[in-house]
2 protein chains.
Amino acid sequence: MAASKTSESSSRVISTKPPIGCALLLMDLFRSYLHQQRLPVTHQREAIAMSLFESEQQLSVDDLAELLRRRGEHVGKATIYRTLSLLVEADLARELDFGEGFKRYEHQAGEARYDHLICTNCGRVERFTRPAVDDLQDEIAAELGFFVQSRRLEIYGLCGRCKAGEREIGEDVGVRPK
Amino acid sequence: MAASKTSESSSRVISTKPPIGCALLLMDLFRSYLHQQRLPVTHQREAIAMSLFESEQQLSVDDLAELLRRRGEHVGKATIYRTLSLLVEADLARELDFGEGFKRYEHQAGEARYDHLICTNCGRVERFTRPAVDDLQDEIAAELGFFVQSRRLEIYGLCGRCKAGEREIGEDVGVRPK
DNA sequence: ATCGCTGCAAACGGTTTGCAGGACA
DNA sequence: TGTCCTGCAAACCGTTTGCAGCGAT
């Protein structure tokens, strides 16, 4: 009935393709942040941050642990949680919750924020940015007297492939639509 | 640092003001659903559903337990969880997650869906509906090849009162902005 | 009478925390 | 050399589940 809380989200492909330059830039920002806070730049912190910065996916703590293990790094989950908190504080990462029973994280650079489309069948996540969303949000907030700090827009549905029936409908990936 | 997982969300005022007629209508729908599923209409189920239907707020399981206790009803939390699942299946309630560490629930009637503005200072929640949001969502989904099943739009910020400084900024209500 | 429900308490699972030993500056 | 970190395991806490007894149909 209820989608199983698959912390085995690792069944999803975890690739490490994207903009290496971007990752290095983010690493510098992270190191600067640590210096500024007078916190040590440890090997583990660098490894965790780099893994997140190199991925264009939304990673769970288990995903990160798996990714690091494959690189031959042994990092405790407690350290991963603690480092992710630092990255969020430094505004270099964002915490996401797609209702799977655990959190995911994605890197972010500066002012850029994304909204998400999540496939409830295969778990694919598509990020997008749309000025129109910001405008509409501001309009609504103004009308109801709110001062906006952040927002969260998630659209759940079937991605192109799943819509076309490339995968069996019902293949459970732990994503629970609202 | 991290907002404490205050399951003591009951510190928030829980009132029971709104449309009684609507609540009774929803009760009938719930009873119909149970009959249709050949499930017993028990006293506990009616009490839990009624409490949710009579409230215009987003209630946690603890809120509901508290509300029921005040009415002199002793209902186990397991039963509340189980009944809420039924209400969600029957499409008479919606599960919400504002990042507090626990779920909230609000009743819903038929096709009506709401988006939310959440005050990160006092916890106030304002529901709203905007056709423009649906339009924009459809446009984005179409462009990215998705078939929409549901969505979630939450705007976090300061409500009119908190913006005006009526409450001390920083008063922690357990709502964690993204 | 027969299911299915209910309450209790134990189990579960993601996240947090305490602590002894180790690493950065 | 002192401070902060790390890993482990235990604690935490919202939620789920197993089970014996009760209630709805």
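Contact here means heavy atoms within 4.5 Å. The structure shown is a predicted model.

**View 1. The surface through which chain A and chain B meet.** Of the interface residues of chain A, 100% are also interface residues in chain B, so the copies meet through the same surface. Chain A gives 41 residues to the contact, and chain B gives 41 residues. About 3900 Å² is buried between chain A and chain B, with 58% of this area on carbon and sulfur atoms.

**View 2. The relation between the two copies.**

View 3. The interface of chain A and chain B holds 18 residue pairs in polar contact, both residues being at pLDDT 80 or more. On the side of chain A that touches chain B, at least two residues each come from strand S4 (115–119), strand S5 (125–128), helix H5 (131–143), strand S6 (147–158) and helix H6 (160–163) of chain A. S6(A) supplies 12 residues, the largest share of that side. By class, the residues of the side of chain A that touches chain B are 20 nonpolar, 7 polar and 14 charged.

**View 4. Strand pairing across the two chains.** S6(A) pairs with strand S5 (residues 147–158) of chain B in the antiparallel sense, over 11 bridges. Arg151(A) has Ile155(B), in S5(B), as its bridge partner.

**View 5. Salt bridges between the chains.** Across the interface of chain A and chain B there are 6 salt bridges. In one salt bridge, Glu139(A) is joined to Arg130(B), with the closest N and O atoms 3.1 Å apart. Over all chains the count of salt bridges comes to 36. Glu154(A) and Arg152(B) also meet through their side chains in a salt bridge, at 3.8 Å from N to O. Glu154(A) belongs to strand S6 of chain A and Arg152(B) to strand S5 of chain B, so this pair joins two chains.

**View 6. The hairpin of S4(A) and S5(A).** S4(A) and S5(A) run antiparallel and are joined by 4 bridges. Asp115(A) has Phe128(A), in S5(A), as its bridge partner. The hairpin formed by S4(A) and S5(A) has 5 residues between the strands, and Gly123(A) in the turn has a positive phi of about 85°.

**View 7. The open sheet of chain A.** In chain A, 3 strands form an open sheet in the order S1-S3-S2, with antiparallel pairing. Strand S1 (59–60) and strand S2 (93–96) of chain A stand at the edges with a single partner strand each, so one side of each has no neighbour in the sheet. S1(A) pairs with strand S3 (residues 104–107) of chain A in the antiparallel sense, over 2 bridges. Ser60(A) has Arg104(A), in S3(A), as its bridge partner.

Conventions:
Residues numbered from 1 in each chain as written. Chains lettered and ligands numbered in written order. Predicted model: local features only at pLDDT ≥ 70, side-chain atom pairs only at ≥ 80, totals over all residues. Heavy atoms only, no water. Buried area = accessible area lost by both parts, 1.4 Å probe. Salt bridge = Lys/Arg side-chain N within 4 Å of Asp/Glu carboxyl O. Polar contact = N/O pair within 3.5 Å; in protein donor to acceptor, adjacent residues only side chain to side chain. Nonpolar A, V, L, I, M, F, W, Y, C, P; charged D, E, K, R; others polar. Pairing = 2+ DSSP bridges.
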